[in-house]
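Subject: The structure, and what turned up in it

Hello,

My notes come after it, so please open it alongside them.

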Amino acid sequence: MSFAATRRPTGGLVGQASAVPHKLTSVRTSGPGFLLALGDSLAAGYQPIDKSSSPPIDPATGFPDEGYPGSYASDIAAARGLNLIDLGCPGETTTTMVQKPAEAPCASVYEAEFRASSQLQAALAFLVGHKGQVRLVSIDLGANDFVRCNANGALDPSCLRDGATTAQHNLPVILAKLRKAMGLYDPGARLFGMNYYDPFLGLAFRPGGQKASAEAVVSLVLLQGYNVELQTIYRRAKVQVANVAEAFGSDSTIPLTTYGGKRVARNVALVCRWTWMCPISPAKGPPDIHANSAGYRVIAGAFERLLIKS
């Protein structure tokens, strides 16, 4: 998990989905403030190279409050001159967000810092304790409600639908509680969500072949539907949504391009370049759905484009 209080506001964000990410000019903010990042392993900035380790310990606090290096939240906070409080927890679902955290280290930090038993309680406690200091709240949540649906190497459509149903029930409750607390303690703060890229497009690369490519197509159709539902949930809660799916070119099947010596659709190549789903060889490790460093910067760029517009 990642509970970060990063105080190094330098650097920039990532730009376009069609090219190697570029840094943006840093953006000044009026006075000190915080970005409160909430959600799952993407919010925490987790990558498989982190394995089972926690983020680095901050000597000033004795807690793992530096976050995993290269998270999209740290990029946004740095570009906007904000301190970062990152409560993201790997494995978090819309259910564990309000109940027992998905990972024991997350539970330990929430309890020690906030006397909270869940990530949502910890977030609410932070808002109460930092009245008027929070500028932005980001949340990405819901992917882990259906990530288990590829547990056996093949997508289970019924599992994906069940996961979406769970998120549809839980996410509005979470957003409503955040909205209420922000209205009371940080009425000037802005809440932003995000949709998701489709990591399972990587199946078209590895293992590849007709069956895996068909599964990749099914996953994209299902995720498109899920992203539409997320958009509806966020809109009803008056939460703007960073279009991460678009940034990853999820719907862009042409032109064909080359990745790892194979000719693949553009959306497959992009998810291969920006996640750990497409190891060139088994020696590089098993596929993993998480973004790599470049991918996290692409996600940060999607948030930044939304922030600039709003």
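Below is what I found, grouped by topic.

This is a predicted model, in which local features need pLDDT of at least 70 and side-chain atom pairs count only at pLDDT 80 or more, while totals for chains, interfaces and linings use all residues. Residues are numbered from 1 along each chain as its sequence is written, and side-chain values use heavy atoms, with hydrogens and water left out.

Let me start with charges. Taking a salt bridge as a side-chain nitrogen of Lys or Arg within 4 Å of a carboxyl oxygen of Asp or Glu, the count comes to one salt bridge. The partners are Arg80 and Glu304, whose closest N and O atoms are 3.1 Å apart. Arg80 sits in the loop between α2 (72-79) and β3 (83-86) and Glu304 in helix α9 (residues 293-309), so the pair ties together parts that are 224 residues apart in sequence. (Helices, H or I and at least four residues, and strands, E and at least two, are DSSP runs numbered from the N terminus.) Both Arg80 and Glu304 are buried; buried means under 20% relative accessible area, exposed over 50% and partly exposed in between, with a 1.4 Å probe and protein chains only.

Next, the nonpolar core, meaning a set of buried Ala, Val, Leu, Ile, Met, Phe, Trp, Tyr and Cys residues joined through side-chain atoms within 4.5 Å. The largest one has 89 residues, and Leu36, Leu38, Tyr72, Leu87, Ile139, Met194 and Ile299 touch the most other members. Helix α5 (residues 157-185) gives the most to this core, with 10 residues. Leaving aside residues up to four places away in sequence, Ile139 touches a set that includes Leu38, Met97, Ile174 and Met194, where contact means heavy atoms within 4.5 Å.

Now the aromatic rings. Rings of Phe, Tyr and Trp (its six-membered ring) pair if their centres lie within 6.5 Å, and planes under 30 degrees apart count as stacked, over 60 as edge-to-face and the rest as tilted. That gives seven aromatic pairs. Phe114 is buried at 18% relative accessible area, and Phe126 is buried at 2%. Another pair, Tyr197 with Phe248, is stacked, at 4.4 Å centre to centre and 15° between the planes. Here Tyr197 has a relative accessible area of 4% and is buried, and Phe248 is buried at 1%. Ring pairs also link Phe34, Phe114 and Phe126 into a cluster.

Thr275 lies in strand β9 (residues 275-276) and is buried, at 5% relative accessibility. A polar atom of the Thr275 side chain lies 2.6 Å from the backbone oxygen of Val271, and one lies 3.1 Å from the backbone nitrogen of Met277.

Best wishes

Key:
A polar contact is a pair of N or O atoms within 3.5 Å; within protein, one must be able to donate a hydrogen and the other to accept it, and residues adjacent in sequence count only if both atoms are side-chain atoms.
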